[in-house]
Amino acid sequence: MHFFPFSSSSNSYGGSHIPVYLNVYDLTTVNNYLYWFGLGIFHSGIEVHGMEFSFGAHEYASSGIFEVEPRSCPGFIFRRAVLLGNTNLSRAEVQTLMEHISADYHGDCYHLIAKNCNHFTNEACMRLTGKPIPGWINRMARLGTSCL
């Protein structure tokens, strides 16, 4: 697991129509039942150029964005990958974008309802593809917001 910003040794090949996936993970086994009703408590990460980026909490005022091997985020149960679209950004441009976004996603700012991993993946997806993530991914947080 690598936290941002970090120096990258990745190559910088071009990004002509590179697929962008949303990798969805279960946070609880209750999702096995809730999922069929369009509900669930999910963790998500953005996969592009063979890397997966996500956002998590820690106690420091530094980036909470991290990189893991795609579809294998520690502590979560992989459910499915959703093709979100394509990006024209190169690997180096994606790294730069994630470093830029990381300024707004410090680990000590993580909030389960107001600023979670799904908020990060939605912002990253918008910047990579121009489209949001599917609404069901963060539905429980939106329901929580309405209850507050």
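Ser54 sits in strand β4, where strands (E, at least two residues) and helices (H or I, at least four) are DSSP runs numbered from the N terminus. The model is predicted, so local features need pLDDT of at least 70 and side-chain atom pairs count only at pLDDT 80 or more, while totals for chains, interfaces and linings use all residues. Residues are numbered from 1 along each chain as its sequence is written, and side-chain values use heavy atoms, with hydrogens and water left out.

## A buried serine in a strand

Is Ser54 buried or exposed? Ser54 is buried, with a relative accessible area of 0%. Here buried means under 20% relative accessible area, exposed means over 50%, and partly exposed lies in between (1.4 Å probe, protein chains only).

The side chain of Ser54 makes a polar contact with the side chain of His43 at 3.0 Å, and it also reaches the backbone oxygen of Ser44 at 2.7 Å. A polar contact is a pair of N or O atoms within 3.5 Å; within protein, one must be able to donate a hydrogen and the other to accept it, and residues adjacent in sequence count only if both atoms are side-chain atoms. If we set aside neighbours within four places in sequence, the residues in contact with Ser54 (heavy atoms within 4.5 Å) include Gly45, Phe66, Cys117 and Phe120.

Now look at some loops. Ser63 lies in the loop between β4 and β5, and its side chain reaches the backbone nitrogen of Ile65 at 3.0 Å. Ser63 and Asp108 are 45 residues apart in sequence, yet their C-alpha atoms are 8.6 Å apart in space.

His49 belongs to the loop between β3 and β4, and Arg71 to the loop between β5 and β6 (77-87). Most residues other than glycine have a negative phi. What is the phi of His49? Phi of His49 is near 55 degrees, a positive value, and phi of Arg71 is also positive, near 65 degrees.

Beyond its neighbours within four places in sequence, Arg71 is in contact with Tyr21, Asn23, Tyr25, Glu47, Glu52, Phe78 and Ala81.

Here is how these loop residues compare in accessibility:

| Residue | Relative accessible area | Class |
|---|---|---|
| Ser63 | 6% | buried |
| His49 | 6% | buried |
| Arg71 | 35% | partly exposed |

Which residues of helix α2 (residues 91-101) are buried? They are Arg91, Val94, Gln95, Leu97, Met98 and Ile101. Seen down the axis of α2, these buried residues fall within an arc of 160 degrees (taken from the directions from the helix axis to the C-beta atoms), so they line one face of the helix. An α-helix has 3.6 residues a turn, so residues three or four places apart point the same way.

Turned away from the buried side of α2 is a face with the exposed residues Thr96 and His100. The cover over the buried residues of α2 includes β3 (42-48), β4 (51-55), β5 (65-68) and α3.

## The largest pocket

The largest pocket has a volume of about 180 Å³. On a 1 Å grid over the protein atoms alone, a pocket is an open set of points where a 1.4 Å probe fits, with protein on both sides within 12 Å along at least five of seven lines; lining residues have an atom within 4 Å of a point. Grid points are joined across faces, edges and corners, and the volume is the space filled by probe spheres set on the points.

Of the 16 lining residues, Ile41, Leu112, Asn116, Met140 and Ala141 are the closest to the centre of the pocket. Both α3 (117-129) and α4 (139-147) supply at least two lining residues each, and α4 gives the largest share, four residues. By class, the lining has ten nonpolar, five polar and one charged residues. Asp, Glu, Lys and Arg count as charged, Ala, Val, Leu, Ile, Met, Phe, Trp, Tyr, Cys and Pro as nonpolar, and the others, Gly among them, as polar.

## The whole chain

The chain has four helices and six strands, and 43% of its 148 residues count as buried.
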